[in-house]
Amino acid sequence: MKDEMAFSTPTAKKPVSLYTVHDGAVHTVQRSPFYKDIILTVGGWNVAIWKEGIMTGPLLQSCCAPKRYTSGHWSLTRPGVFYIGREDGYIDIWDLLEKTHEPAQSQNICITMIMYIKPWTFSAKQQFIAIADYYGTLHILEIPWTLSHPSTNEVSSVSHYFEREVKHLEYVEQRRKIREQEKREMELELEKKKVKTFQKSKEQLEAELKMDYESYLELEKTILTNLGLSKEKESMSYVELV
């Protein structure tokens, strides 16, 4: 019994949810050093920022970049900054306090694919970033003051931005549910109208048949009278016939 338990294969749990956000393989999943529930993902031609526990989608999803993204890393000292490497040797620098729909700036590093990015704080006044490319070359650059030193209340400002995006996602989800409910109600109303139209047509058809039958009885009676023939039994009415 112990041997069976020791070699038993653990049962894999199914994913809670699945999102199609990246149009390529995801190679970077990294938590923010300032907010433990904020996660950066990089893959394909775009990047996304998620909040743990929010199941309606990412807080930020970038548009398709001109070149495929190959690496990424959060800034160690600025909560609203992260670096994204591209396959053409450029680095896109995102600053959420400046722009949220596109990179704040781009910098060419080499002529080949960037494979890894790692910022490093040397001192309170100096910070570097190490960049490795496809050919194995290591590039070390000094990060400028504006990208290494946070502005006043930057932590709270970026946090408020994430909170606004969470509320926006909640509003979008609420509107989606309302639209689905309205669509179901419209479909139900359309079905009711179809049933009413069918019933009305059926009633009209019965009325026309009744009029035709009564006209036939009148014609039959007139012909028999003109011929001098009498019927032993009166003709049945339309209601009795039905």
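Visitor: Let's start with Arg68. Is Arg68 buried, exposed or partly exposed?
Guide: Arg68 counts as partly exposed, because its relative accessibility is 28%. Keep in mind that this is a predicted model.

Visitor: Which residue does Arg68 form a salt bridge with?
Guide: The partner of Arg68 is Glu87. Their closest N and O atoms are 3.3 Å apart.

Visitor: And where do those two lie?
Guide: Both sit in loops. Arg68 is in the one between E4 and strand E5 (69–74). Glu87 is in the one between strand E6 (81–86) and strand E7 (90–95). The two are 19 residues apart in sequence, so the pair ties those parts together.

Visitor: Is Glu87 buried or partly exposed?
Guide: Glu87 is partly exposed, because its relative accessibility is 26%.

Visitor: How many salt bridges does the structure hold?
Guide: There are 10 salt bridges. Arg31 with Glu52 is one of them, with the closest N and O atoms 2.9 Å apart.

Visitor: What parts does that pair tie together?
Guide: Arg31 belongs to strand E1, while Glu52 is in the loop between E3 and strand E4 (60–61). These parts are 21 residues apart in sequence, and so the pair links them.

Visitor: How accessible is Arg31? And Glu52?
Guide: Arg31 has 41% relative accessibility, so it counts as partly exposed. Glu52 has a relative accessible area of 48%, so Glu52 is partly exposed too.

Visitor: Are Asp95 and Arg78 buried or exposed?
Guide: Both are buried. That means each has under 20% relative accessible area.

Visitor: Which residues are in the network with them?
Guide: Arg78, Asp95 and Glu154 make up one network. It is joined by salt bridges that share partners.

Visitor: New topic. What's the volume of the largest pocket?
Guide: About 370 Å³.

Visitor: How many residues line it, and which lie nearest its centre?
Guide: The lining has 15 residues. Nearest the centre are Ser17, Tyr19, Ile39, Thr41 and Trp50.

Visitor: What classes of residue make up the lining?
Guide: It has 9 nonpolar, 4 polar and 2 charged residues.

Visitor: Now the outside. Which residues form a nonpolar patch on the surface?
Guide: Ile111, Met115, Tyr116, Tyr134 and Tyr135 do. Together they have about 680 Å² of accessible area.

Visitor: Take Met115. Where is it found?
Guide: In strand E9, which covers residues 114–121. Met115 is partly exposed, because its relative accessibility is 39%.

Visitor: Back to strand E1. Which residue there has a relative accessible area of 44%?
Guide: That's Val26, in strand E1. With that 44%, Val26 is partly exposed.

Visitor: How far is Val26 from Ser71?
Guide: In sequence, 45 residues. In space, 9.5 Å from C-alpha to C-alpha.

Visitor: What about Phe162 and Ile49?
Guide: Those two are 113 residues apart in sequence. Their C-alpha atoms are 9.4 Å apart. Phe162 is in helix H3. Its relative accessible area is 4%, so Phe162 is buried.

Visitor: Last one. What's the phi of Asn153?
Guide: It is positive, about 60 degrees, although Asn153 is not a glycine.

Visitor: Where does Asn153 sit? Is Asn153 buried or exposed?
Guide: Asn153 is in the loop between helix H2 (145–148) and helix H3 (154–227). It counts as exposed, because its relative accessibility is 54% and the cut-off for exposed is over 50%.

Definitions and conventions. Residues numbered from 1 in each chain as written. Predicted model: local features only at pLDDT ≥ 70, side-chain atom pairs only at ≥ 80, totals over all residues. Heavy atoms only, no water. Patch = residues over 30% accessible without salt bridge, like charges linked within 9 Å, V, L, I, M, F, W, Y side chains within 5 Å. Areas by Shrake-Rupley, 256 points an atom, 1.4 Å probe, with all protein chains shown as cover. Salt bridge = Lys/Arg side-chain N within 4 Å of Asp/Glu carboxyl O. Helix = DSSP H or I, 4+ residues; strand = E, 2+ residues; numbered from the N terminus. Buried < 20%, exposed > 50% of the residue type's maximum accessible area, 1.4 Å probe, protein only. 1 Å grid on protein atoms, 1.4 Å probe; cavity = no way out; pocket = protein on both sides within 12 Å on 5 of 7 lines; lining within 4 Å. Points joined across faces, edges and corners; volume = space filled by probe spheres on them. Nonpolar A, V, L, I, M, F, W, Y, C, P; charged D, E, K, R; others polar.
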